[in-house]
Amino acid sequence: MPSWEPLAGLWRSRSAALGLGLIAFVLGVALFGPAVAPHDPFRTAPLERLAAPSAAHPFGTDSLGRDILSRVIHGARISILIGLISVSISLFPGTLLGLLAGYFGGRLDSVIMRAMDMLLAFPAILLAIFITAILGPSLPNTMIAVGVVYIPHYARIVRSSVLALKEQLFVQAIAHLGGGHGRILFRHVLPNALPPIIVYATLGMGTAVLQAAALGFLGLGAQPPQPEWGVMLSEGRQYLQIAPHVAAFPGGAIFILVLGFNLLGDGLRDVLDPTLRAL
Amino acid sequence: MAEALLQAEGLVKHYPAGRSGLGRGRAVVRAVDGVSFEILPGETFGIVGESGCGKSTLGRLLLRFEPPTAGRVLYEGRDVCGFDARRLKAFRREAQIIYQDPYSSLNPRRRVGELIAEPLEIHGIGGPAERRERVAALLGEVGLRPEHARRFPHEFSGGQRQRIVIARALALQPRFIVADEPVSALDVSIQAQVINLLRELQERFRLTYAFISHDLGLVEYLADRVGVMYLGRLVEVAPCAAICADPLHPYTEALWSAAPMPDPAARRRRILLAGDVPSPIRPPPGCAFHPRCREAFDRCREEAPLLREVAPGRRVACHNR
């Protein structure tokens with residue numbers, strides 16, 4: 001595929017390669033970490049509570065004496081899943097709505113895009129809080145909330161690409177040959193509308209992790225004792241002055257993963273967007 | 001006269017042109033403004049005129065890419081706008097187009113083989129294996145190699161891309177092809193190859209062409225009959241040889257006198273036209289050409305001349321002829 005050729009450029013971009021490295025690292029931890037984690041992330045040890053980092057507990061222990069390193073390792077899996085699932089929840093409906101709105105235009109376009117505008121009018125975190133408040137606080141509901149909040153973003157990006165693409169000669173040529181809407185939309189318009197979406201979805205994974213952590217922090221996301229990074233951060237907040245490591249390590253983990261997605265997303269944008277590449 | 005394959009009857013296409021200057025009524029661009037002619041089976045009908053005269057719009061109307069504002073296009077005697085879905089699909093098989101720009105008419109993300117097989121898929125012709133064979137044969141027809149099917153459009157030059165477009169147009173074994181400036185985006189050295197290819201294919205598959213061009217040399221070489229357009233109207237329709245030897249309409253005369261001659265030693269009287277082409281939003285009253293015509297008289301300013309037969313097979317729209 002010629003569209004993947006520029007991806008080789010990712011290796012030449014130092015920041016994108018770093019982003020890819022960070023994500024690969026977190027992904028590796030998520031996949032294999034739980035097998036090598038030094039302790040059970042749920043086992044409490046009241047006598048060792050809030051212990052500073054040591055050889056036995058490299059990241060220290062939390063207020064219940066649980067090993068923070070093990071919890072951060074288990075949390076990686078949750079955070080990666082949050083990124084993937086919430087982005088999927090916004091990506092697929094958003095792309096479909098954008099395709100339909102842009103391609104068919106007219107009333108359908110108005111109805112879809114006004115609905116998207118309504119969703120966009122709420123601040124993202126407020127809307128997510130609203131949705132989790134209705135559905136009840138839990139990890140799956142967090143993913144749904146974060147996913148739904150970002151549907152309009154994808155719809156808008158796809159719609160604007162489609163508006164330009166449907167006027168392209170090679171798209172019209174298929175209609176001239178007698179090809180139907182489905183063929184035109186999914187075989188000619190969609191593949192050419194994907195690059196900006198790939199970039200946005202990559203950046204969106206970082207945002208989703210952050211949003212989910214924020215919801216977790218507010219008590220509306222994953223529920224204790226789940227080792228979700230946002231929840232851990234929230235628990236650590238109370239001991240920030242006497243045991244800063246309790247909040248620092250999950251915070252750092254969030255930082256690394258989000259940074260990785262952002263760097264990779266920016267790098268992807270540079271290699272996939274020909275107008276930027278020319279600069 | 002043989003039965004026409006395609007016939008245009010008083011074709012009109014107006015496009016809205018935003019708001020008019022005075023704010024009353026809607027201004028329209030008269031892209032095609034009352035055009036009638038016929039294309040005979042097996043011939044090449046050249047449509048010439050300067051840019052903006054409505055040639056391409058006319059081509060699009062002939063293929064029912066958009067509906068005319070008024071008038072009809074008859075294909076084998078039947079109105080193409082009256083076709084039901086089944087008949088329209090058959091028409092889409094029989095009538096094809098070759099676009100001007102071979103760079104934008106091919107999806108950059110699909111392989112050449114997929115692009116050429118696509119019309120076959122759309123019309124449900126053959127299985128995958130048959131289609132592959134057909135694609136290889138088509139690539140051969142247009143002077144490319146079967147292994148080119150695996151490549152992407154960007155790996156080809158403009159001339160080769162145009163060959164790919166031609167192969168795709170041929171895939172459905174059409175009868176009628178609109179060639180809309182098929183070589184004007186190509187290098188002169190490549191133009192001749194593509195033109196000769198079109199000519200060969202016409203002979204082999206008994207194709208009928210509507211050849212749209214602003215290059216009179218090409219039209220002389222390729223066309224059997226020629227229609228000259230000016231500001232959305234046909235000013236002259238005649239056999240190519242006749243029009244080249246003896247253009248009747250003053251505009252045709254001026255147009256032909258401006259065509260470069262292959263022999264640099266040859267001198268001929270160059271007719272210079274004053275002024276620019278008027279806006280198709282507000283064409284001049286009467287004959288659209290009168291402000292620039294050296295033979296214009298009072299009648300030309302008031303009454304639009306109709307296309308009428310002045311000699312067998314020769315029609316011209318001019319009060320003076």
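Here are a few friendly notes on this predicted model, going from chain B as a whole to one of its helices and then to a surface patch on chain A.

1. **Overall build of chain B.** Chain B holds 10 helices and 12 strands. Its radius of gyration is 21 Å, close to the 20 Å that the globule rule gives for 321 residues, so chain B is as compact as a globular protein of that length.

2. **Burial, contacts and surface.** In chain B, 51% of the 321 residues count as buried. Taking contacts between residues at least 6 apart in sequence, 65% join residues at least 24 apart. The accessible surface of this chain comes to about 14,800 Å², and carbon and sulfur atoms account for 50% of that.

3. **A covered helix.** Do have a look at α9 of chain B, residues 250-258, where eight of the nine residues are buried. The buried ones are P250(B), Y251(B), T252(B), E253(B), A254(B), L255(B), W256(B) and S257(B). Their cover includes the strands β3 (44-48), β9 (225-230) and β10 (233-239), along with the helices α7 (216-222) and α8 (240-245), in chain B.

4. **A nonpolar patch on chain A.** F122(A), I125(A), L126(A), F217(A) and L218(A) make a nonpolar surface patch of about 430 Å². One of these residues, L126(A), sits in helix α5 of chain A, residues 124-135. Is L126(A) buried, partly exposed or exposed? L126(A) counts as partly exposed because its relative accessibility is 47%, and exposed would need over 50%.

Definitions and conventions: Residues are numbered from 1 along each chain as its sequence is written. Chains are lettered from A and ligands numbered from 1 in the order in which they are written. This is a predicted model: local features need pLDDT of at least 70, side-chain atom pairs count only at pLDDT 80 or more; totals for chains, interfaces and linings use all residues. Side-chain values use heavy atoms; hydrogens and water are left out. Buried means under 20% relative accessible area, exposed over 50%, partly exposed in between (1.4 Å probe, protein chains only). Helices (H or I, at least four residues) and strands (E, at least two) are DSSP runs, numbered from the N terminus. Contact means heavy atoms within 4.5 Å. Patches are made of residues with over 30% relative accessible area and no salt bridge: like charges are joined within 9 Å, nonpolar side chains (Val, Leu, Ile, Met, Phe, Trp, Tyr) within 5 Å. Accessible areas come from the Shrake-Rupley method with a 1.4 Å probe; for residues, only the protein chains shown count as cover. A salt bridge is a side-chain nitrogen of Lys or Arg within 4 Å of a carboxyl oxygen of Asp or Glu. The radius of gyration is taken over C-alpha atoms; the globule rule is 2.2 Å times the number of residues to the power 0.38.
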